[in-house]
Every structure is written in C-alpha cells, then in structure tokens.
Amino acid sequence: MDYAIDVKEQETVVRLRGRLTFNDHAKLRALIREMLQNKAKRQVLDLSALEFVDSAGIGMLLIAREEMSNADKQLVLRAAAGQVKRVLTVAQLNKIVTIED
Amino acid sequence: MVPSRPHVAALHGLGVPAERLDRLSAAFRLPPWRPGAAPSGDGREDSVLVLVGSADAAEAPECWARPFAAWIETGGILSDADLANAVERSRRADLYAFVTTATANQLHLAGRILQAITARRTLAGAQRDDMELALHEAISNAVVHGNLQVEGMKGLSVAALERFSHDLAERMADPAYANRRVEVAVWLEADAVTVEVADEGSGFARPEHIDYGASGRGLDLIAAIAEEIQLLDGGRRIRMRFPL
C-alpha cells in the first residue's frame with residue numbers, strides 16, 4: 001500500500017493506493033503518526049484507489065479511528081469501491097466509522 | 001468412487017538443481033515437462049507438477065498458469081520422504097500448493113491460487129473478490145497465527161499495532177517459524193469449489209466469545225463468504241466450500 005497526504009486548513013485527505021493487508025503494519029503506524037501531527041480536525045482517507053483490504057487492514061483502520069478520536073479528530077472513510085466497499089459492508093464498519101461515498 | 005482428477009503427467013523445476021530434478025523425476029515416475037507436448041489422450045486434463053526451489057523462482061505469473069496445477073517448494077528443510085508425501089497428496093487434489101510460510105507471504109499465495117482457479121472456472125466479479133478475500137484470510141491465519149504464532153492485535157491502539165508489527169517481523173526472520181509449511185488443496189466440482197488450508201502451528205479453537213480488538217474478524221469474514229466452513233485437525237486445517 002502507498003499513500004499521499006494533502007493537508008488543508010479544514011481537513012487532511014490521505015489517498016491510499018494498492019492493497020491494504022497485515023503486511024502494511026509499518027506504513028499504517030507511520031500514517032497514523034502523520035495524521036496525528038497535522039492540525040486538521042477532519043482526517044479523510046480516500047479509498048477510491050485502494051484495490052483490496054483484508055481483516056487486518058480493517059483492524060488497522062479501526063486503530064486509526066480510535067487514535068484520531070483520542071486526539072479529538074474525526075476519521076472519515078471516503079469513496080470505497082469494489083472489493084473494499086464490499087468488505088466495509090460485510091464487516092459492518094458503518095456502525096463504527098463515518099463512511100462517505 | 002474416486003472422481004476423475006486431472007492427470008499429473010509431468011514434472012517441471014523452477015530454480016531446482018538439474019541433478020535433483022532428474023533424481024526426483026525418476027523417483028516420482030514423472031517425465032520432465034516439455035512445452036507443447038501432446039496430451040496423454042485419455043480424456044482427462046494433463047497437469048504439471050512444479051517443484052519450486054525458492055520464492056524468487058516462482059514470481060512470474062506464468063509459473064501459476066495452465067498446465068501447472070501443483071507447486072511444491074523443495075527449498076527449506078523438506079526431506080525427500082516429506083516431498084514424496086506432498087507429491088502423493090497433490091495427486092488427490094485438482095490444485096495443490098505446499099510452500100514455506102515465508103514463500104506463501106512473499107508470493108501472495110491466495111492471489112496465485114485464485115489465478116489458478118479462475119483459469120479453470122468462471123467466477124463473476126463479486127464472487128471472485130469474495131473468494132480472494134476468503135483465501136487470503138485463511139492463508140493469513142495459517143501464516144500469522146498458525147505457523148508464526150503471532151497473536152492478533154488486542155485492543156485498538158497504536159501500541160497493539162506496534163507489538164503486532166514487532167512480533168511479526170521477528171518471527172518471519174526466524175527460520176524455525178518461517179520455514180514451517182502452508183498447504184493449500186483445491187477441488188473443483190461442477191457446482192462448487194472446495195479449498196483446504198493447513199498450517200503446522202499449535203492449533204486453534206474458535207472461542208465462544210470473541211473480544212474484538214483490531215484483530216479477530218478474519219474467520220467471521222470467511223464464514224460470511226463461504227457456504228460452509230469446517231475447522232479440522234485441532235484447528236490447523238480449515239475447509240471452505242464456495243458454491244459456483
């Protein structure tokens with residue numbers, strides 16, 4: 001998985017690309033650190049270019065949500081498609097995280 | 001009655017020394033594979049068993065295309081007797097892989113097996129995505145929790161993620177864990193695909209109450225996708241059935 005961060009005044013948009021699986025633990029740690037460091041309250045993960053996510057990837061997104069919440073920030077998952085959208089649905093993540101089309 | 005399986009007709013080596021390949025070819029009575037060779041002509045599909053010397057030797061997608069249908073890694077510490085057992089088991093399945101934990105992870109084995117399945121059965125887009133996820137989750141469980149014996153992420157903190165990260169890297173670098181085997185067997189029926197994934201870990205019992213942290217959703221996802229799942233051999237083997 002790769003990511004690119006676009007920091008704005010009101011929100012930060014992180015565009016994830018590729019596959020998000022248990023092997024991406026180090027990248028997720030780095031990403032969470034960067035999201036905590038910037039000032040924006042809204043931290044948006046743009047998932048439109050993410051091709052595949054597994055259960056550990058879902059778990060790491062939940063860790064990100066929890067860490068943002070502890071820092072008084074909001075995590076938003078945006079524009080999931082295909083397999084990623086389907087897994088978010090099957091795992092019922094909409095009950096826990098803000099999901100936008 | 002035993003259903004008719006593809007006929008394993010030849011042996012192919014990827015990164016296996018010629019001398020060992022010749023010896024194994026004679027021992028298993030499988031001639032070396034010749035591209036474009038005439039089929040054996042009894043109406044069954046001829047398939048080819050691949051002996052894989054190392055993960056790097058099997059990176060190319062064509063290593064997982066037809067007529068290849070079984071992949072057994074000879075590297076690591078596999079004895080000739082264990083290899084013979086694996087070859088025997090491969091003859092009872094339509095697709096078969098027996099590789100180290102490190103190789104299963106490096107090659108992204110679930111995707112390779114899915115490629116081999118879709119070369120033989122038509123899957124609709126969503127069905128393909130679902131089956132890839134189920135295979136990936138089953139193989140990840142075999143790799144991470146089974147063979148590497150790394151516990152899942154407990155709780156929802158970066159500390160849990162760091163612990164997982166550290167343990168995973170440490171175990172993957174230890175040959176005593178990383179050389180443990182993952183076995184995948186696939187049976188292709190007219191109306192269903194059955195897949196078994198086995199590891200060499202200490203087993204697993206599905207808890208009655210799952211305390212969800214960042215981990216623990218894999219088996220639930222598999223159960224949501226597959227028509228039927230069974231945990232066998234003390235939890236070291238999972239059997240999944242997918243209707244077509």
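Modeller: A nonpolar core is a set of buried Ala, Val, Leu, Ile, Met, Phe, Trp, Tyr and Cys residues joined through C-beta atoms within 7 Å. A residue is buried if 20 or more other C-beta atoms lie within 10 Å of its own, exposed if 12 or fewer, and partly exposed in between, with C-beta atoms placed from the backbone. The structure is a predicted model, in which local features need pLDDT of at least 70 and side-chain atom pairs count only at pLDDT 80 or more, whereas totals for chains, interfaces and linings use all residues. Residues are numbered from 1 along each chain as its sequence is written, and chains are lettered from A and ligands numbered from 1 in the order in which they are written.

Biologist: Which residues have the most contacts inside the largest nonpolar core?

Modeller: They are B:L109, B:I113, B:I139 and B:V184, in a core of 99 residues. Helix α5(B) provides the largest share of this core, nine residues. Helices (H or I, at least four residues) and strands (E, at least two) are DSSP runs, numbered from the N terminus.

Biologist: With which residues is B:L109 in contact, leaving aside its neighbours within four places in sequence?

Modeller: Two residues are in contact if their C-beta atoms, placed from the backbone, lie within 7 Å. For B:L109 the partners are B:A97, B:V99, B:A104, B:I139, B:V182 and B:V184.

Biologist: How many of the ten residues of helix α4 of chain B are buried?

Modeller: Seven are, and helix α4(B), residues 109-118, is accordingly described as mostly covered. The buried positions are B:L109, B:A110, B:R112, B:I113, B:L114, B:A116 and B:I117. Their cover includes the strands β3 (68-73), β4 (95-100), β5 (181-188) and β6 (192-198) of chain B, together with the helices α3 (101-106) and α5 of that chain.

Biologist: How many bridges join β4(B) to β5(B)?

Modeller: Two strands pair if DSSP finds at least two bridges between them. Strands β4(B) and β5(B) run antiparallel and have six bridges; B:T100 faces B:R181 of β5(B). Strand β5(B) also pairs with β6(B), again in the antiparallel sense and over six bridges, and B:A185 stands opposite B:E196 in β6(B). A hairpin of three residues leads from β5(B) to β6(B). Of the eight residues of β5(B), six are buried.

Biologist: Is B:R89 buried or partly exposed?

Modeller: B:R89 is partly exposed, because 15 other C-beta atoms lie within 10 Å. This residue belongs to helix α2 (residues 80-90) of chain B. Its C-alpha atom is 8.7 Å from that of B:A185, although 96 residues separate the two along the chain.

Biologist: Which backbone features deserve attention, beginning with the bond that joins B:R66 and B:P67?

Modeller: That peptide bond is cis, with omega of about 5°, and B:P67 lies in the loop between β2 (46-52) and β3 of chain B. In chain A, A:Q92 has a positive phi of about 55° without being a glycine. A:Q92 sits in the loop between α3 (82-90) and β5 (98-100) of chain A, and is exposed because it has 9 other C-beta atoms within 10 Å. B:D233, also not a glycine, has a positive phi of about 55° and is found in the loop between β7 (228-232) and β8 (237-243) of chain B.

Biologist: What pattern does chain A follow along the sequence?

Modeller: The order is β-β-α-β-α-β-α-β, from three helices and five strands. The radius of gyration is taken over C-alpha atoms, and the globule rule is 2.2 Å times the number of residues to the power 0.38. A compact globule of 101 residues would have a value near 13 Å, and the 12 Å of chain A agrees. Buried residues make up 46% of chain A.

Biologist: How many residues of chain B are in contact with chain A?

Modeller: There are 23, and they touch 22 residues of chain A. On the side of chain B, α5 (125-147), α6 and α8 (218-225) each give two or more residues. By class, that side has 13 nonpolar, six polar and four charged residues. Here Ala, Val, Leu, Ile, Met, Phe, Trp, Tyr, Cys and Pro count as nonpolar, Asp, Glu, Lys and Arg as charged, and the others, Gly among them, as polar.

Biologist: At what angle do the axes of helix α2 of chain A and helix α6 of chain B cross?

Modeller: Two packed helices are described by the angle and the distance between their axes. Axes are lines fitted to C-alpha atoms, for helices over the stretch in contact, and angles run from 0 to 180 degrees between N-to-C directions. The axes of α2(A), residues 55-70, and α6(B), residues 158-172, cross at roughly 145° and come within 9 Å. A:M60, A:I63 and A:E67 meet B:V158, B:A160 and B:L161 there.
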